[in-house]
Amino acid sequence: MKWLLLAVVLAGCNKPKAQTQAPPTQVSDCPKVADHLVTLMSGATKHPPEATDPLRRVVDQRCEQDQWSADTKQCLLALSSLADGERCRAMMTDAQVAAFQRDSEAATVELRGQFREEPPQSAAPARPADAGTTD
């Protein structure tokens with residue numbers, strides 16, 4: 001009888017452990033903000049999407065690293081024009097704005113270098129102006 005009581009007690013204490021689940025992964029809005037802001041840029045449609053990747057990366061990186069607030073991200077996502085961005089900028093700290101401007105300018109310089117038109121290469125070397133003339 002003692003064995004039966006002991007078995008019942010042990011069985012009652014031997015509950016399977018509840019499966020611990022990892023907390024759901026939070027999906028960042030930063031890539032969505034980056035895509036939206038790049039689409040608002042006037043030159044974005046003139047080039048293939050991968051050409052604007054440096055700008056997209058800057059927005060995404062600054063948003064993540066500088067931890068833009070949810071209100072700032074929602075404000076940026078609601079923009080229909082970059083000209084309206086001042087109200088969103090007011091939601092950011094001076095440090096966030098400075099980092100974004102610094103990195104955006106660097107990416108813009110990088111893009112300008114990629115899209116400068118190279119002067120056409122001539123098939124024959126240019127002749128000096130006085131070549132072929134005799135006195």
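This is a predicted model: local features need pLDDT of at least 70, side-chain atom pairs count only at pLDDT 80 or more; totals for chains, interfaces and linings use all residues.
1. Ground rules. Residues are numbered from 1 along each chain as its sequence is written, and side-chain values use heavy atoms, with hydrogens and water left out.

2. Disulfides overall. Searching the whole structure turns up 2 disulfides (a disulfide being a pair of cysteine sulfur atoms within 2.5 Å). With the bonded cysteines numbered in sequence order, they pair 1-2, 3-4.

3. C30 and C63. Here the S to S distance is 2.0 Å, and the link is left-handed, with -70° about the S-S bond. C30 sits in helix 2 (residues 30-40) and C63 in helix 3 (residues 53-65), so the bond ties together parts 33 residues apart in sequence. Helices are DSSP runs (H or I, at least four residues), numbered from the N terminus. Both C30 and C63 are buried, where buried means under 20% relative accessible area, exposed over 50% and partly exposed in between (1.4 Å probe, protein chains only).

4. C75 and C88. This disulfide also has an S to S distance of 2.0 Å; its link is left-handed too, at -85° about the S-S bond. It connects C75 in helix 4 (residues 70-78) with C88 in helix 5 (residues 86-89), 13 residues apart. C75 and C88 are both buried.

5. The aromatic pair. The whole-structure search gives 1 aromatic pair. The ring centres of W68 and F100 are 5.8 Å apart with planes at 75°, so the pair is edge-to-face. For the cut-offs, rings of Phe, Tyr and Trp (its six-membered ring) pair if their centres lie within 6.5 Å; planes under 30 degrees apart are stacked, over 60 edge-to-face, the rest tilted. W68 is buried at 4% relative accessible area, while F100 is partly exposed at 24%.

6. The largest pocket. Its volume is about 410 Å³ (the space filled by probe spheres set on grid points joined across faces, edges and corners). A pocket is an open set of points on a 1 Å grid over the protein atoms alone, where a 1.4 Å probe fits, with protein on both sides within 12 Å along at least five of seven lines; lining residues have an atom within 4 Å of a point. The lining has 17 residues, with L37, L76, L82, G85 and F100 nearest the centre. Helix 6 gives the most, with 4 residues.

Definitions and conventions
Helices (H or I, at least four residues) and strands (E, at least two) are DSSP runs, numbered from the N terminus.
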